[in-house]
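Here is a friendly walk through a few residues, in question-and-answer form. Have the structure open as you read.

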Amino acid sequence: MSDPMNALAPEHRRLRIGDAWRDAAGGATFAVEDPATGKTIAEVADAGVGDGLAALDAATKAMAEWAATPPRKRSELLTATYRALTERSEEVARLITLEMGKPLAEARAEVAYGAEFFRWFAEEAVRVEGRYSTAPAGGYRILTVPKPVGPCVFVTPWNFPLAMGARKIAPALAAGCTTITKPAAQTPLTMLFLARIMEEAGVPPGVVNVVTTKRSGEVVSALLADRRTRKLSFTGSTEVGRVLLRQAADNVLRTSMELGGNAALIVCADADLDVALDGAMVAKMRNIGESCVAANRIYVEEPVREEFTARFAERMGALSMGHGLDDGVDVGALIDDASVTRIEELVADARRRGARVLVGGERPDGPGHFYPPTVLVDVPDDALMLKAEIFGPVAPIISFTSDDEVLAKANDTEYGLVGYVFTRDLQRALRFTEGLATGMLGVNRGLISDPSAPFGGVKQSGIGKEGSHEGILEYLDLTYAAIDLP
């Protein structure tokens, strides 16, 4: 088995600022670990405020020329990035697994998904349009001109270290914006590798800057306080998102916020149970459950509750757990010990309140941050896991007896990112589509993410959309000109 770290030479484990790979000021570094073993796999540069502002200097310097670059040229560079990611997908996937923990098959799927954002927005880059029209009252013309918003700051999470960066960088570059990305400290290597790929693809210096740091708060705060920054896009928890929104308000920044979720997955009695089981497994266990769109609460209508629960628990219990780079592994390590401890606490709380564990429920002995696929039943409404984002391979199952009842329970949350409904009744599906307070809905499928579709939530799950045509609009300001023409 080849060493994934061979893909990232030591000189590319530093900050990418302007046209250089450079050490952090003072030479500070921090360790990146393999969550399956707890062992350090690399040391990367630990940026401070000065390094972050240097990246903003580079992005600002490159902004005018990049904005003036012909859309076709920007499109070709994004296409070159897509091709490079596709050609080197195995290297990238193995690196993702090593620093994040997910099984290699899932890492390969992430690379394919992330690469698609570059292909999609390569096509969108040449389709940015304004309009020209006669004013309704006559006498003048209305001209609208879309323009790139300016330098963008991206704060990306650890759970999809390639895809979440790609989902932001691709539309920004397509629109003509320059970027500074601050990846999660747990998974900086993948973003550094992406920056290297984009450099080799010919993206000009200063357009894509990457600042790795353990001092996220102070570095990002300094970037948001600088008036040259014009856009913030963040993917992460609602708690951190609220803090960043308050900071972004001082300079009235454009913001895109993809925040927490508490997805309800609803299985109706008329559903095709084979389809529902397949969908529930994907919605719950994709990315080891470490996903904002993971099924957090599974509601099953009473007539099929017993059969669905038994079959679902059997499938969860049959999943194999181990190092993500090993053959045949279905469930890899969680990102860190704090995540495992939090899940243990949620399961213990549910058990104290009367829930029963059908499979899993106990942290295994040995190294690494592992927690087994777990199914609980008889979970009461006041259990913390029904209110919090689990972010792991734990599935609480709750029965329901009417659509009104389950809609009320599903909507009883501050979050509104995604929901899932399994039914063969079209009218019922449409009622759930209109009744669920979510930005997205999977109907008879457990996978909804697609670069060509608008990704985003409502309520405290976020602001704005990523992906699709709507995704590039988040990076464009609109100038309106009234042109006198009697």
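Q: Is Lys-168 buried or exposed?
A: Happy to start here, keeping in mind that this is a predicted model. The relative accessibility of Lys-168 comes to 0%. Buried means under 20% relative accessible area. Because 0% falls under that cut-off, Lys-168 counts as buried.

Q: In which helix is Lys-168 found?
A: Lys-168 belongs to a helix that covers residues 163-175. That helix is α5.

Q: How many Å apart in space are Lys-168 and Val-153, C-alpha to C-alpha?
A: Along the sequence, Lys-168 and Val-153 are 15 residues apart. In space, C-alpha to C-alpha, the value is 9.6 Å.

Q: Which side chain is joined to that of Glu-258 by a polar contact of 3.1 Å?
A: The polar contact of 3.1 Å joins the side chain of Glu-258 to that of Arg-167.

Q: Where is Asp-46 found, and with which side chain does its side chain make a polar contact?
A: Asp-46 sits in the loop between β4 (39-45) and α1 (49-68). With a relative accessible area of 10%, Asp-46 is buried. Its contacts outside four places in sequence include Phe-30, Thr-212 and Lys-214. The side-chain polar contact, at 3.2 Å, is with Thr-213.

Q: What is the relative accessible area of Thr-309?
A: Thr-309 lies in helix α10, residues 302-317. Apart from neighbours within four places in sequence, Thr-309 is in contact with Leu-358, Val-377 and Ile-397. Thr-309 is buried, and its relative accessible area is 6%.

Q: What is the area of the nonpolar surface patch that includes Tyr-132?
A: Tyr-132 lies in strand β5 (residues 131-134), and at 52% relative accessibility Tyr-132 counts as exposed. Together with Ile-483 and Leu-485, Tyr-132 makes a nonpolar surface patch of about 280 Å².

Notes: Residues are numbered from 1 along each chain as its sequence is written. This is a predicted model: local features need pLDDT of at least 70, side-chain atom pairs count only at pLDDT 80 or more; totals for chains, interfaces and linings use all residues. Side-chain values use heavy atoms; hydrogens and water are left out. Patches are made of residues with over 30% relative accessible area and no salt bridge: like charges are joined within 9 Å, nonpolar side chains (Val, Leu, Ile, Met, Phe, Trp, Tyr) within 5 Å. Accessible areas come from the Shrake-Rupley method with a 1.4 Å probe; for residues, only the protein chains shown count as cover. A salt bridge is a side-chain nitrogen of Lys or Arg within 4 Å of a carboxyl oxygen of Asp or Glu. Helices (H or I, at least four residues) and strands (E, at least two) are DSSP runs, numbered from the N terminus. Buried means under 20% relative accessible area, exposed over 50%, partly exposed in between (1.4 Å probe, protein chains only). A polar contact is a pair of N or O atoms within 3.5 Å; within protein, one must be able to donate a hydrogen and the other to accept it, and residues adjacent in sequence count only if both atoms are side-chain atoms. Contact means heavy atoms within 4.5 Å.
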